[in-house]
Amino acid sequence: MHVADIKKYFPIFNQQVNGHPLTYLDSAASSQKPIQVIEAIKRYYERDNANVHRGVHTLSSRATDAYEQARVKTARFIHARSEKEIVFTRGTTTAINLVASSFAKAICREGDEIVMTPMEHHSNLIPWQQVAAATGATLSYIPLQSDGTIDMQDVKNTLSERTKIVAISHISNVLGVVNPVKEIIHQAHRKGAIVLVDGAQSIPHMAVDVQDLDCDFYTFSGHKMCGPTGIGVLYGKRELLQTMQPIEFGGEMIDHVDLYSATWRESPWRFEGGTPMIAGAIGLGAAIDFLNEVGMEHIEAHDADLLHYAVQQLSSIKDVVIYGPLANRKSLITFNVGSIHPHDMATILDSSGVAVRAGHHCCQPLMRWLDVSATVRASFYVYNTREDVDRLINAILLAKKLFMEDGGDSKDRVL
Ligand code: PMP
């Protein structure tokens with residue numbers, strides 16, 4: 001499978017949007033799905049659909065095998081030691097909340113510290129605010145350099161003997177910056193802290209080895225990596241998961257129940273109460289097969305080429321401000337153009353068939369740090385091409401023409 005002709009596997013591109021070919025540049029919010037994933041979900045519902053774990057009949061054991069096989073594929077994909085380190089959740093948000101509610105609330109005491117950065121997505125921020133409110137722990141932030149990068153000296157200065165948890169994104173969904181998580185984990189462990197990495201934006205774009213990183217928890221969402229919505233992953237070191245209590249109780253997660261008490265299954269199943277997202281897990285497994293077949297190294301190289309081209313093209317437009325560092329970043333560009341409101345920009349782009357995101361991107365504290373209320377974000381994935389970047393650029397020039405008095409200064413580039 002070649003990255004160059006990958007678009008043909010994505011049926012969504014067989015359409016025009018507002019009279020134009022679909023130029024989908026919103027993969028950081030949710031990626032498109034290849035036919036292999038759509039077919040795997042369809043096949044499950046057409047042939048194997050049944051509840052898992054409980055039945056002895058043929059369909060139930062097929063469904064159980066497929067569900068558990070997806071766990072094995074996920075473990076291999078991130079180089080976990082065992083599939084027992086993979087908890088299926090609804091997404092990154094649910095995975096982080098599980099660690100916050102079960103693990104962090106149990107270990108944090110008054111005066112302990114939870115360390116984050118100002119670039120965290122609300123999903124990796126609010127759960128820790130809740131832990132702090134419930135336990136008396138305090139929140140500390142590693143300051144950002146002016147380009148949005150992290151300096152290791154600041155990390156060392158922020159960590160202390162009281163740091164219990166460090167929660168940090170691998171790649172920022174706004175700045176695109178790749179954070180030095182391996183070094184941060186090393187420093188945090190020297191202080192005895194536990195580290196959770198929010199991998200929502202990294203997993204789709206780079207090979208991740210949780211053993212090499214030595215992270216304690218790693219979280220991600222299926223829908224950003226060519227898989228379906230409603231399925232996500234909490235990777236946790238086995239010895240940590242085993243100490244954690246479930247936060248949802250009911251069927252599937254129990255060992256023994258009597259009228260007044262109950263005991264739980266071992267992890268990861270103790271965290272998967274109720275009928276799980278069976279089709280979602282199977283779809284995630286198919287997405288992992290797809291990414292493996294393309295090759296994460298090819299996806300990385302393709303993303304890097306597109307990003308380089310997009311940064312070059314965008315920065316050649318007058319009045320464009322790009323946020324975040326120009327090096328050491330991946331897969332997305334967040335920007336504003338002169339005084340054009342990001343929502344106006346996104347609306348004009350949409351009328352040209354170009355789908356981007358505008359707003360605060362679930363990062364209100366980071367917006368304040370950038371001193372803007374909102375931005376436009378174009379995010380790329382394996383199915384995008386340089387032609388998509390050209391369409392973005394032309395649509396931006398069109399918006400400039402419409403909204404800015406001197407927008408015509410680049411009109412010769414508008415198709
Ligand atoms: N963290 C980051 C960095 C993200 O980009 C996102 C999704 N925008 C999330 C967490 C939350 O992911 P989900 O909505 O799939 O739970």
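How far from a polar backbone atom of Thr92 is an oxygen atom of the ligand? The distance is 3.3 Å. This is a predicted model, where local features need pLDDT of at least 70, side-chain atom pairs count only at pLDDT 80 or more, and totals for chains, interfaces and linings use all residues. Residues are numbered from 1 along each chain as its sequence is written, and side-chain values use heavy atoms, leaving out hydrogens and water.

**View 1. Polar side chains at the ligand.** A polar side-chain atom of Ser221 lies 2.7 Å from an oxygen atom of the ligand. For Lys224, a polar side-chain atom is 2.8 Å from a nitrogen atom of the ligand. On its own, the ligand has 400 Å² of accessible area, and the protein covers 85% of it (Shrake-Rupley method, 1.4 Å probe).

**View 2. The shell around the ligand.** Residues surrounding the ligand include Gly91, Thr93, His121, Asn173, Asp198 and Gln201 (a heavy atom within 4 Å). By class, the shell has 1 nonpolar, 9 polar and 2 charged residues. Asp and Lys count as charged, Ala as nonpolar, and Gly as polar.

View 3. A disulfide is a covalent bond between the sulfur atoms of two cysteines. The count here is 0 disulfides (cysteine sulfur atoms within 2.5 Å). The closest cysteine sulfur to that of Cys108 is in Cys215, 18 Å away, so it is too far for a bond. Cys108 is buried at 3% relative accessibility, and Cys226 is buried at 0% (buried: under 20% relative accessible area, 1.4 Å probe, protein chains only).

Technical notes: Buried means under 20% relative accessible area, exposed over 50%, partly exposed in between (1.4 Å probe, protein chains only). A polar contact is a pair of N or O atoms within 3.5 Å; within protein, one must be able to donate a hydrogen and the other to accept it, and residues adjacent in sequence count only if both atoms are side-chain atoms.
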